[in-house]
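Hi,

Here is the structure I promised to pass on.

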Amino acid sequence: MPHILLIEDDTLLRGMLKDQLEEMGHTVTEAGDGKEGLVQQALAPADLVLTDLIMPEKEGIETIMELRKKWPGVKIIAMSGGGRVTAASYLSIASRMGAGAVLNKPFSSYELETAICSLLPTSGR
């Protein structure tokens, strides 16, 4: 199964997502923000990166841009619940910057699995 890098600053949500991804059979590496995520990607490149957009240190849009520059083949799913503007605005920008799929928080396990399968078709059950 694919290796997924999960970048999320909310510890509880990150833990819940990690559990869901592992239940789907994925290997998961965690990071609390974009800066840490880029370090983790350099240490052990993931097949897919699932990243939040609003985070401390390095936000998701900036992280996506750097991922695209250094690892152009990595698949990216952006997720957001919004912030100063609507989640749709952030997610639209993420798509233009290179995210292959976007998820509006909150989202279901089914939506997560569907997004992953759309980018990594061989990862389905």
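Lys58 sits in the loop between strand E3 (48-52) and helix H3 (60-70); helices (H or I, at least four residues) and strands (E, at least two) are DSSP runs, numbered from the N terminus. Before going further, note that this is a predicted model: local features need pLDDT of at least 70, side-chain atom pairs count only at pLDDT 80 or more, and totals for chains, interfaces and linings use all residues. Residues are numbered from 1 along each chain as its sequence is written, and side-chain values use heavy atoms, with hydrogens and water left out.

Is Lys58 buried or exposed? Lys58 counts as buried because its relative accessibility is 14% (buried means under 20% relative accessible area, exposed over 50%, partly exposed in between, with a 1.4 Å probe and protein chains only). Its side chain makes a polar contact with the side chain of Glu66, at 3.2 Å. By polar contact I mean a pair of N or O atoms within 3.5 Å; within protein, one must be able to donate a hydrogen and the other to accept it, and residues adjacent in sequence count only if both atoms are side-chain atoms. Setting aside residues up to four places away in sequence, Lys58 touches Asp33, Gly34, Lys35, Leu38, Thr63 and Glu66 (contact means heavy atoms within 4.5 Å).

Apart from neighbours within four places in sequence, Gly34 is in contact with Ile7, Met55, Lys58 and Thr63. Gly34 and Leu53 are 19 residues apart in sequence, and their C-alpha atoms are 8.8 Å apart in space.

**The whole chain**

The protein chain has five helices and five strands, which run β-α-β-α-β-α-β-α-β-α from the N terminus on. Its radius of gyration is 13 Å, close to the 14 Å that the globule rule gives for 125 residues, so the chain is as compact as a globular protein of that length. That radius is taken over C-alpha atoms, and the rule is 2.2 Å times the number of residues to the power 0.38. Along the principal axes, the C-alpha atoms fill a box of roughly 35 × 30 × 25 Å. Of the 125 residues, 47% count as buried. Among contacts between residues at least 6 apart in sequence, 65% join residues at least 24 apart.

Cheers
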